[in-house]
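Q: I'd like to learn how to read a model like this one, feature by feature. Can we go through it together?

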Amino acid sequence: METKIKVKFKYSLMFNEKNKYCVYQYQNLDTKERIVCVGYDLPSISVPYEFSVEEVQHKTYGLQYKVLTYEERISSDKESIIEYLTSGLI
(Lines give C-alpha, C1' and ligand atoms only; values in the text may rest on other atoms or scores of the structure.)
Protein backbone atom coordinates (compact mmCIF):
# COMPACT_ATOMS: atom_id res chain seq x y z
CA MET A 1 0.00 0.00 0.00
CA GLU A 2 1.36 3.42 -0.98
CA THR A 3 1.89 5.98 1.80
CA LYS A 4 3.17 9.57 1.79
CA ILE A 5 5.80 10.65 4.33
CA LYS A 6 7.79 13.86 4.86
CA VAL A 7 11.50 13.25 5.32
CA LYS A 8 14.93 14.87 5.48
CA PHE A 9 18.18 13.11 4.46
CA LYS A 10 20.51 12.02 7.28
CA TYR A 11 23.18 9.74 5.77
CA SER A 12 24.01 7.09 3.19
CA LEU A 13 24.10 3.45 4.24
CA MET A 14 24.88 2.17 0.72
CA PHE A 15 25.13 3.63 -2.79
CA ASN A 16 25.81 1.67 -5.99
CA GLU A 17 27.64 3.89 -8.51
CA LYS A 18 26.74 1.68 -11.49
CA ASN A 19 22.96 1.67 -11.20
CA LYS A 20 22.43 4.51 -8.65
CA TYR A 21 20.65 2.17 -6.18
CA CYS A 22 20.53 3.79 -2.73
CA VAL A 23 19.96 2.67 0.83
CA TYR A 24 19.71 5.92 2.78
CA GLN A 25 18.63 6.89 6.25
CA TYR A 26 16.14 9.76 6.53
CA GLN A 27 14.37 11.41 9.42
CA ASN A 28 10.58 11.23 9.31
CA LEU A 29 9.65 14.87 9.95
CA ASP A 30 6.29 14.01 11.54
CA THR A 31 7.48 11.34 14.02
CA LYS A 32 11.18 12.41 14.29
CA GLU A 33 12.02 8.71 13.83
CA ARG A 34 14.94 7.66 11.62
CA ILE A 35 13.89 5.38 8.78
CA VAL A 36 15.64 3.48 6.00
CA CYS A 37 14.53 4.23 2.43
CA VAL A 38 15.59 2.31 -0.68
CA GLY A 39 15.35 3.17 -4.35
CA TYR A 40 17.19 4.50 -7.37
CA ASP A 41 18.83 7.93 -7.48
CA LEU A 42 17.31 9.16 -4.20
CA PRO A 43 18.00 12.70 -2.94
CA SER A 44 20.94 13.12 -0.57
CA ILE A 45 20.56 16.83 0.24
CA SER A 46 19.26 17.74 3.67
CA VAL A 47 16.08 19.60 2.67
CA PRO A 48 12.48 18.40 3.23
CA TYR A 49 10.97 15.96 0.74
CA GLU A 50 7.64 14.22 0.45
CA PHE A 51 8.11 10.58 -0.48
CA SER A 52 5.49 8.19 -1.81
CA VAL A 53 6.60 4.85 -0.38
CA GLU A 54 5.67 1.22 0.09
CA GLU A 55 6.70 -0.63 3.25
CA VAL A 56 9.05 -3.56 2.62
CA GLN A 57 10.06 -6.12 5.24
CA HIS A 58 13.64 -7.13 4.36
CA LYS A 59 14.47 -10.58 5.78
CA THR A 60 17.88 -9.44 7.07
CA TYR A 61 17.54 -5.69 7.67
CA GLY A 62 13.90 -5.36 8.76
CA LEU A 63 11.50 -2.57 7.88
CA GLN A 64 12.47 -0.40 4.91
CA TYR A 65 10.55 2.02 2.69
CA LYS A 66 10.72 1.59 -1.08
CA VAL A 67 10.54 5.08 -2.62
CA LEU A 68 8.18 5.30 -5.59
CA THR A 69 8.27 9.09 -6.17
CA TYR A 70 9.45 12.19 -4.36
CA GLU A 71 9.14 16.00 -4.40
CA GLU A 72 10.91 18.80 -2.56
CA ARG A 73 8.72 20.41 0.12
CA ILE A 74 10.33 23.72 1.03
CA SER A 75 8.36 25.96 3.40
CA SER A 76 8.19 29.69 2.78
CA ASP A 77 9.45 30.75 6.23
CA LYS A 78 12.83 32.49 6.55
CA GLU A 79 14.62 29.53 8.20
CA SER A 80 13.49 27.07 5.49
CA ILE A 81 14.52 29.38 2.67
CA ILE A 82 17.99 29.90 4.19
CA GLU A 83 18.35 26.12 4.66
CA TYR A 84 17.39 25.54 1.01
CA LEU A 85 19.75 28.23 -0.34
CA THR A 86 22.69 26.83 1.65
CA SER A 87 21.92 23.17 0.85
CA GLY A 88 24.04 23.05 -2.31
CA LEU A 89 21.10 22.50 -4.66
CA ILE A 90 21.60 25.91 -6.25
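Q: What share of the contacts with a separation of 6 or more comes from residues 24 or more positions apart?
A: Contact here means heavy atoms within 4.5 Å. In this protein, residues 24 or more positions apart account for 37% of the contacts with a separation of 6 or more. Before we go on: this is a predicted model, where local features need pLDDT of at least 70 and side-chain atom pairs count only at pLDDT 80 or more, while totals for chains, interfaces and linings use all residues. Residues are numbered from 1 along each chain as its sequence is written, and side-chain values use heavy atoms, with hydrogens and water left out.

Q: Which secondary structure pattern does the protein follow along the sequence?
A: Helices (H or I, at least four residues) and strands (E, at least two) are DSSP runs, numbered from the N terminus. Here you get 1 helix and 5 strands, in the order β-β-β-β-β-α.

Q: How do I read burial, and what percentage of the residues count as buried?
A: Buried means under 20% relative accessible area, exposed means over 50%, and partly exposed is in between, with a 1.4 Å probe and protein chains only. Of the 90 residues, 34% count as buried. The protein exposes about 6,100 Å², with carbon and sulfur atoms supplying 49% of that.

Q: Which residues of the largest nonpolar core touch the most other members?
A: A nonpolar core is a set of buried Ala, Val, Leu, Ile, Met, Phe, Trp, Tyr and Cys residues joined through side-chain atoms within 4.5 Å. The largest one has 15 residues, and V7, Y26, I35, C37, L42 and F51 touch the most other members. The elements giving two or more residues to this core are β1 (2-15), β2 (21-28), β3 (34-40), β4 (48-58) and β5 (62-72). Take C37 as a case: leaving aside neighbours within four places in sequence, C37 contacts C22, V23, Y24, Y26, L42, F51, Y65 and V67.

Q: Which residues form a nonpolar patch on the surface?
A: Patches are made of residues with over 30% relative accessible area and no salt bridge; like charges are joined within 9 Å, and nonpolar side chains (Val, Leu, Ile, Met, Phe, Trp, Tyr) within 5 Å. A salt bridge is a side-chain nitrogen of Lys or Arg within 4 Å of a carboxyl oxygen of Asp or Glu. In this model, Y11, L13 and M14 form such a patch, with about 270 Å² of accessible area together. M14 sits in strand β1 and counts as partly exposed because its relative accessibility is 36%.

Q: Is Q25 buried or exposed, and what does its side chain contact?
A: Q25, in strand β2, counts as buried because its relative accessibility is 12%. A polar contact is a pair of N or O atoms within 3.5 Å; within protein, one must be able to donate a hydrogen and the other to accept it, and residues adjacent in sequence count only if both atoms are side-chain atoms. The side chain of Q25 makes one with the side chain of R34, at 3.2 Å. Setting aside neighbours within four places in sequence, Q25 is in contact with F9, K10, Y11, L13, R34 and I35.

Q: And H58: which backbone nitrogens lie 3.0 Å from a polar atom of its side chain?
A: The backbone nitrogen of T60 does, and so does that of Y61. H58 itself is found in strand β4.

Q: Where is K20, and what is its phi?
A: K20 is in the loop between β1 and β2. K20 has a positive phi of about 65 degrees although it is not a glycine. K32, in the loop between β2 and β3, also has a positive phi of about 65 degrees without being a glycine. K32 counts as exposed because its relative accessible area is 53%.

Q: How far apart are E55 and T3, in sequence and in space?
A: They are 52 residues apart in sequence and 8.3 Å apart, C-alpha to C-alpha. E55 lies in strand β4 and, not counting residues up to four places away in sequence, touches L63, Q64 and Y65. For L68 and T3, 65 residues apart along the chain, the C-alpha separation is 9.7 Å. L68 lies in strand β5.

Technical notes
Accessible areas come from the Shrake-Rupley method with a 1.4 Å probe; for residues, only the protein chains shown count as cover.
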